[in-house]
Amino acid sequence: MRLLVLGGTEFAGRAVVEAALGRGWDVTVLNRGRHAPVPGTRSLTGDRTAPGGLGALAEGTWDAVVDTWSAAPRAVRETARLLRGRVGRYVYVSSCSVYDWAPPAGYTEDAPLVDGAGADAEQTDYARDKRGGELAVVEAFGAEHSLLVRAGLILGPYENVGRLPWWLTRIARGGPVLAPGPHDLPLQYVDVRDLAEWTLGAVEQGLSGPYNLMSPQGHTTMGELLEACARATGSDAELRWTEPEIILDAGIEPWTQLPVWVPPGTDLHDALHAADVSRAVATGLSCRPAEETVADTWSWLTSIGGTAPQRPDRTRKGLDPEVEAKVLAGSEGVPGTTS
């Protein structure tokens, strides 16, 4: 297989590149050259935001292209139009944010989509930008040759968004940790490497159309995830399980200040942790245990000095230590374990 990856040096793009090389594929990457390319790839330099920035793609044919773009949809449209007729399948890594928010628990790929998106639009907001990217791909390649990977929460090595790295760093620091309850709160996410493997398998199968891409519902729990962080880091941290009401009353923002976590019984939890992924599972999605995702992310994080890269277009995640200490001091919490 001849694969073109737009980007290919960070998080999802990098995972796709490494998975493709592992399969013996011929891999070309196009990016701005700000990060070293993965060894074994053919590297092209280009900037999709600059006039003439796609010149490096003027020639060449590939079996598939993987695109993770999440800004102005017009950049996807221009790339797709340029590659039309020279690429067999256009894979766009989209997001479950494209659904009319917030979709109910158990939503499938047929759920209503966000309004106001356009294939030729400038950058607006994340949901419409991703939906606009989808529209651009289908416009150029047709539904039959377009694969829309609607990812949910993505975790794993190379993360540059700041969710799992923050939890690992916080728990490694030790001491009492504000652990948002309940302990058995179900979580749904996808390891970036499992996303990459499923995506390449989908290309081999010639799949098209949209797929919700995250682990089956209840793949792990908040308790299992944080306890895995404690084991991976070897920390003596004390997880203080705290009721959602206490956390919310303190003004702490779910998802951003306490990454991954959203309160149970809310529309937000249903949208982020209760999607129907049966279509992806039926076509080969396999998800590794949370323990492995956590341990491998910690191994990668320590190998680069303990500080994860941070995308400049994403908000920083995590809770201020003073806020955490104040909430812990005002609540007994529910003692947890750090085994």
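Colleague: Is E78 buried or exposed, or something in between?

Modeller: E78 is partly exposed, with a relative accessible area of 40%, where buried means under 20% relative accessible area, exposed means over 50%, and partly exposed covers what lies in between, using a 1.4 Å probe and protein chains only. Please keep in mind that this is a predicted model, in which local features need pLDDT of at least 70 and side-chain atom pairs count only at pLDDT 80 or more, while totals for chains, interfaces and linings use all residues. Residues are numbered from 1 along each chain as its sequence is written, and side-chain values use heavy atoms, with hydrogens and water left out.

Colleague: Which side chain does E78 meet in a salt bridge?

Modeller: The side chain of R74 meets that of E78, at 3.8 Å from N to O, and a salt bridge here is a side-chain nitrogen of Lys or Arg within 4 Å of a carboxyl oxygen of Asp or Glu. The two residues are four apart in helix α2 (residues 73-83), so about one helical turn separates them. R74 counts as partly exposed, at 25% relative accessibility. Helices (H or I, at least four residues) and strands (E, at least two) are DSSP runs, numbered from the N terminus.

Colleague: How many salt bridges are there in the whole structure?

Modeller: A search of the whole structure finds 23. One of them joins E134 and R131, whose closest N and O atoms are 2.7 Å apart, and both residues lie in helix α3 (residues 126-141), three residues apart. E134 is buried, with a relative accessible area of 0%, and R131 is buried as well, with 16%.

Colleague: Which residue pairs with R23?

Modeller: R23 forms a salt bridge with E197, with 2.9 Å between the closest N and O atoms. This pair links distant parts of the chain, since R23 sits in the loop between α1 (11-22) and β2 (26-31), whereas E197 belongs to helix α5 (residues 192-205), 174 residues apart. R23 is partly exposed at 31%, and E197 is partly exposed at 35%.

Colleague: And which residues are linked in a network of salt bridges?

Modeller: D191, R193, D194, R288, E292 and D296 are linked in such a network.

Colleague: Changing topic, how many aromatic pairs does the count come to?

Modeller: The count comes to five aromatic pairs, where rings of Phe, Tyr and Trp (its six-membered ring) pair if their centres lie within 6.5 Å, and planes under 30 degrees apart count as stacked, over 60 as edge-to-face and the rest as tilted. The rings of Y99 and Y107 have centres 5.1 Å apart and planes at 65°, so this pair is edge-to-face, and both Y99 and Y107 are buried. W198 and Y211 form a tilted pair, 5.0 Å centre to centre with 55° between the planes.

Colleague: Where do W198 and Y211 lie?

Modeller: W198 lies in helix α5 and Y211 in strand β11 (residues 209-213), so the pair ties together parts that are 13 residues apart in sequence. Both W198 and Y211 are buried.

Colleague: What sits over the ring of Y211?

Modeller: The charged end of R279 sits over the Y211 ring, 4.0 Å from its centre; this is counted when NZ of Lys or CZ of Arg is within 6 Å of the ring centre and within 35 degrees of the ring normal.

Colleague: Let's look at pockets. What volume does the second largest pocket have?

Modeller: Its volume is about 220 Å³. On a 1 Å grid over the protein atoms alone, a pocket is an open set of points where a 1.4 Å probe fits, with protein on both sides within 12 Å along at least five of seven lines, and lining residues have an atom within 4 Å of a point. Grid points are joined across faces, edges and corners, and the volume is the space filled by probe spheres set on the points.

Colleague: Which residues line the second largest pocket?

Modeller: The lining includes G162, W166, L301, Q310, R316 and K317, and the largest share of the lining, three residues, comes from helix α4 (residues 164-173).
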